[in-house]
Amino acid sequence: MRPTVVMNLHDFREYLTYLKSSGSDRDGIIFCFGTSFISRIIIAKTRLSYGEIVPSHVAMKIGDFLFESTSAPEVVGKKTIPPGVRRYLLTDFFKAEQFKQTDYAFYPCKLDRDIAESYIHLPYGKDIILDYLLRDGSSGSKNGLICSQYGNRVSRLITTKDVVTPAELYREACKWIY
């Protein structure tokens, strides 16, 4: 399978609804193309050329749940979803994202739910992301996981190294297009 085209939140939600209603519901990686300051820094540091379009964040859809690792808590109504490696309902994800200027691409693939569940409640890999932003790389030996490292461990798309950027994971998924 190949990643879908990049789409806005409304179209992304409609796409997932269509898949579910047509009996083609799939698990997969969600590539997020953010516009926040930190998203723009991640994109600038991880793209290979100025014109390359790469994501700033990676999440995973498994069943009706979203799995991700992030540094910020998310408030959805009266619920607070803590930072770090977490799992929450897709419906809460769509509520939390509704005011953000983020685009999405979906890569349907086999994900290991048991592995995804085993990392829940680990902290976000702040040291790892700082290594990438300040030193252009990380060994991944710190406590916690960054979003793409978590996505890679669950999807096993890249087996040659443990710590990958959202851009590297996206490039690997895009190889299936050609």
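Trainee: What is the relative accessible area of Glu117?
Mentor: This is a predicted model, where local features need pLDDT of at least 70 and side-chain atom pairs count only at pLDDT 80 or more, while totals for chains, interfaces and linings use all residues. Residues are numbered from 1 along each chain as its sequence is written, and side-chain values use heavy atoms, leaving out hydrogens and water. Buried means under 20% relative accessible area, exposed over 50%, and partly exposed in between (1.4 Å probe, protein chains only). Glu117 counts as partly exposed, its relative accessible area being 26%.

Trainee: Which side chain meets Glu117 in a salt bridge?
Mentor: A salt bridge needs a side-chain nitrogen of Lys or Arg within 4 Å of a carboxyl oxygen of Asp or Glu. Here the N to O distance is 2.3 Å, and the partner of Glu117 is Arg87.

Trainee: How many residues apart in sequence are the parts that Arg87 and Glu117 tie together?
Mentor: Helices (H or I, at least four residues) and strands (E, at least two) are DSSP runs, numbered from the N terminus. Arg87 sits in strand β6 (residues 84-89) and Glu117 in helix α4 (residues 113-118), so the separation is 30 residues.

Trainee: How many disulfides are there?
Mentor: Good one to check! A disulfide is a pair of cysteine sulfur atoms within 2.5 Å. Cys32 has its closest cysteine sulfur in Cys147, at 8.1 Å, which is too far for a bond. The disulfide count is zero.

Trainee: And how many residues of helix α6 are buried?
Mentor: Helix α6 spans residues 147-155 and is mostly covered. Its buried residues include Cys147 and Tyr150.
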